[in-house]
Amino acid sequence: MATDVASRGLDIPSVDLVIQVEPPKDAETYIHRSGRTARAGRSGTCIAFYTIKQKMLIQAIENKAGIKMDKIGVPQPEQVIRASSRDILSSLKEVNQKVVPLFAEAADELIEQHEGNAQLALCQTLALLSGHHKEEMTHRSLLNGQEDCVTFQISMSKPFYSVSLIWNILRRYLPEKISGNIRGMRVFVDNTGACFDVLATDMERFEDIFAHEA
């Protein structure tokens, strides 16, 4: 951590984002690191990466510092692409308007290749500029980022006292080949539900079964 190397008395102005690659082992260190932003009445953001094994460190920091962090899962490919699209749109503001006419002929040819569909031609261009033009969209687990997994949750109206209740529900309605591949079961803190991963190949069947039961 650069903030650990630098003196605590060092004041660096205009810092609006702090990224911690892993959570520290004590609340004081977290506050020191995150405190590099949002000084003198300014607002700022602190992002801390953590693994499932480090979850207890995050909870300990929250309890001791009296704060509540927003937990965000691994970004899905769609979210990454949308973010890169916004970056491209922002960069377009830097284009000198005097050079734009030089691309008119190529633009007309591109639209013609798409049978006059200007939106499709533009989308293809943005895909190329984003660098995601050769990638096939894949699902990722929100729990651990594993590819080809989709995260679902089951919520109950009242707290339950054993995760076996969730497993019994899943095994009751799902074929064994689907329920047997469910992984990463995590129970909510208040015991009113759980989340888990389903293989992407089983996603549609999973949704159809519970939509029918509902």
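Reader: In which loop is N191 found?

Author: N191 is found in the loop between strand 4 and strand 5; helices (H or I, at least four residues) and strands (E, at least two) are DSSP runs, numbered from the N terminus. This is a predicted model, in which local features need pLDDT of at least 70 and side-chain atom pairs count only at pLDDT 80 or more, whereas totals for chains, interfaces and linings use all residues. Residues are numbered from 1 along each chain as its sequence is written, and side-chain values use heavy atoms, with hydrogens and water left out.

Reader: What makes strand 4 and strand 5 a pair, and in which sense do they run?

Author: Two strands pair if DSSP finds at least two bridges between them. Strand 4 and strand 5 (residues 193–199) have 3 bridges, in the antiparallel sense, and therefore count as paired. One of the residues with a bridge partner is R186, whose partner in strand 5 is C195.

Reader: What is the phi of N191?

Author: N191 has a positive phi of about 60°, although N191 is not a glycine. Most residues other than glycine have a negative phi. D148 also has a positive phi, near 60°, and is likewise a residue other than glycine. D148 is found in the loop between helix 6 and strand 3 (149–155).

Reader: How many salt bridges does a search of the whole structure find?

Author: The search finds 3 salt bridges, each being a side-chain nitrogen of Lys or Arg within 4 Å of a carboxyl oxygen of Asp or Glu. Side chains of opposite charge can pair when their charged atoms come close.

Reader: How do you know that E28 and K64 meet in a salt bridge?

Author: The N to O distance between the side chains of E28 and K64 is 3.4 Å, which lies within the limit, so the pair qualifies. E28 lies in helix 2 (residues 27–34) and K64 in helix 3 (residues 55–65), so the pair ties together parts that are 36 residues apart in sequence. E28 is partly exposed at 45%, and K64 is exposed at 60%.

Reader: What makes a space a pocket, and how much space lies in the largest pocket?

Author: On a 1 Å grid over the protein atoms alone, a pocket is an open set of points with protein on both sides within 12 Å along at least five of seven lines, whereas a cavity is a set where a 1.4 Å probe fits but cannot get out; lining residues have an atom within 4 Å of a point. Grid points are joined across faces, edges and corners, and a volume is the space filled by probe spheres set on the points. About 1,500 Å³ of space lies in the largest pocket. Of its 33 lining residues, the closest to the centre are Y50, D70, K71, I72 and G73. Helix 3 gives the largest share of this lining, 5 residues.

Reader: How does the lining of the second largest pocket divide by class?

Author: This lining has 16 nonpolar, 2 polar and no charged residues; Ala, Val, Leu, Ile, Met, Phe, Trp, Tyr, Cys and Pro count as nonpolar, Asp, Glu, Lys and Arg as charged, and the others, Gly among them, as polar. The lining of the largest pocket divides into 18 nonpolar, 9 polar and 6 charged. About 500 Å³ of space lies in the second largest pocket. Among the residues closest to its centre are L92 and F103. Helix 6 gives the largest share of that lining, 6 residues.

Reader: How many disulfides are counted?

Author: A disulfide is a pair of cysteine sulfur atoms within 2.5 Å, and by this rule the count comes to 0. Among the cysteines, C123 is partly exposed at 42%, and C195 is buried at 15%.

How values were computed:
Buried means under 20% relative accessible area, exposed over 50%, partly exposed in between (1.4 Å probe, protein chains only).
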